[in-house]
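Hello,

Here is the structure I promised to pass on, with some notes on what turned up in it. Have a look at the model first, and then read on.

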Amino acid sequence: MGESSGTGDAETLTVELEDAGGTSWWASLLATLSSQYGNAYKRFVGRVDEERRYVGPTFPFPRTWGDIPPQEAWAPEMNRSLAEVLRHIEDDHWVQTGNGQQPWEFRFTRPR
């Protein structure tokens, strides 16, 4: 669900999972140096046209799990992070219009 776009008179926002350390070289270095037990840190973001408009709090994610999508049982605080992003999106009057393959992949629209 990497891309989202606005067309016509409406904007489209997608909720995605992002590697908090992968946003820049210094963030990646800081995440690696500060992580415990080999954890990476993920967060949920809301994007419009590749612009990050909403950012949830980070949560630990075991690096050893590779590309397996996180689950609350072994990625504590995941649900709290998602709930916080969704609350801010809904507070700004976005309307959910679809879902992706993962349980956190939501699509929203609102008039421009």
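Does E11 count as buried or exposed? E11 counts as buried, because its relative accessibility is 9% (buried means under 20% relative accessible area, exposed over 50% and partly exposed in between, with a 1.4 Å probe and protein chains only).

Before the rest, a word on the source. This is a predicted model, in which local features need pLDDT of at least 70 and side-chain atom pairs count only at pLDDT 80 or more, while totals for chains, interfaces and linings use all residues. Residues are numbered from 1 along each chain as its sequence is written, and side-chain values use heavy atoms, with hydrogens and water left out.

(Strands are DSSP runs of E with at least two residues, helices are runs of H or I with at least four, and both are numbered from the N terminus.) β1 is mostly covered, with seven of its ten residues buried. β1 and β6 run antiparallel and are joined by five bridges (two strands pair if DSSP finds at least two bridges between them).

The side chain of E11 is joined to that of R53 by a polar contact of 2.9 Å. (A polar contact is a pair of N or O atoms within 3.5 Å; within protein, one must be able to donate a hydrogen and the other to accept it, and residues adjacent in sequence count only if both atoms are side-chain atoms.) R53 also meets E51 in a salt bridge between side chains, at 3.7 Å from N to O (a salt bridge is a side-chain nitrogen of Lys or Arg within 4 Å of a carboxyl oxygen of Asp or Glu). R53 is partly exposed, with a relative accessible area of 32%, and E51 is partly exposed at 43%.

E18 counts as buried, because its relative accessibility is 8%.

**Salt bridges**

Side chains of opposite charge can pair when their charged atoms come close. By the rule above, the count here comes to nine salt bridges. In one of them the side chains of R47 and E16 meet at 2.9 Å, N to O. R47 lies in strand β2 and E16 in strand β1, so this pair ties together parts that are 31 residues apart in sequence. Both R47 and E16 are buried.

Another salt bridge brings together the side chains of E18 and R43, at 2.7 Å from N to O. Here E18 lies in β1 and R43 in β2, so the parts tied together are 25 residues apart in sequence. R43 is buried, with a relative accessible area of 13%. A network of salt bridges links E16, E18, R43, R47 and R52.

**Aromatic pairs**

The structure holds three aromatic pairs. (Rings of Phe, Tyr and Trp, taking the six-membered ring of Trp, pair if their centres lie within 6.5 Å; planes under 30 degrees apart count as stacked, over 60 as edge-to-face and the rest as tilted.) F44 and W104 form a tilted pair, 5.8 Å centre to centre with 55° between the planes. F44 lies in strand β2 (residues 39-48) and W104 in the loop between β5 (95-99) and β6 (106-111), so the pair ties together parts that are 60 residues apart in sequence. F44 and W104 are both buried.

The rings of F106 and F108 have centres 6.3 Å apart and planes at 50°, so this pair is tilted. Both F106 and F108 are buried. Ring pairs also link F44, F59 and W104 into a cluster.

**The nonpolar core**

In soluble globular proteins, nonpolar side chains tend to be buried together. The largest nonpolar core in this model has 18 residues, of which L13, V15, F44, L82, I89, W94 and F108 touch the most other members. (A nonpolar core is a set of buried Ala, Val, Leu, Ile, Met, Phe, Trp, Tyr and Cys residues joined through side-chain atoms within 4.5 Å.) The elements giving two or more residues to this core are β1, β2, β4 (59-62), α2 (78-91) and β6. α2 gives the most, with five residues.

What is L82 in contact with, leaving aside its neighbours within four places in sequence? L82 is in contact with V15, F44, W104 and F106 (contact means heavy atoms within 4.5 Å).

Best wishes
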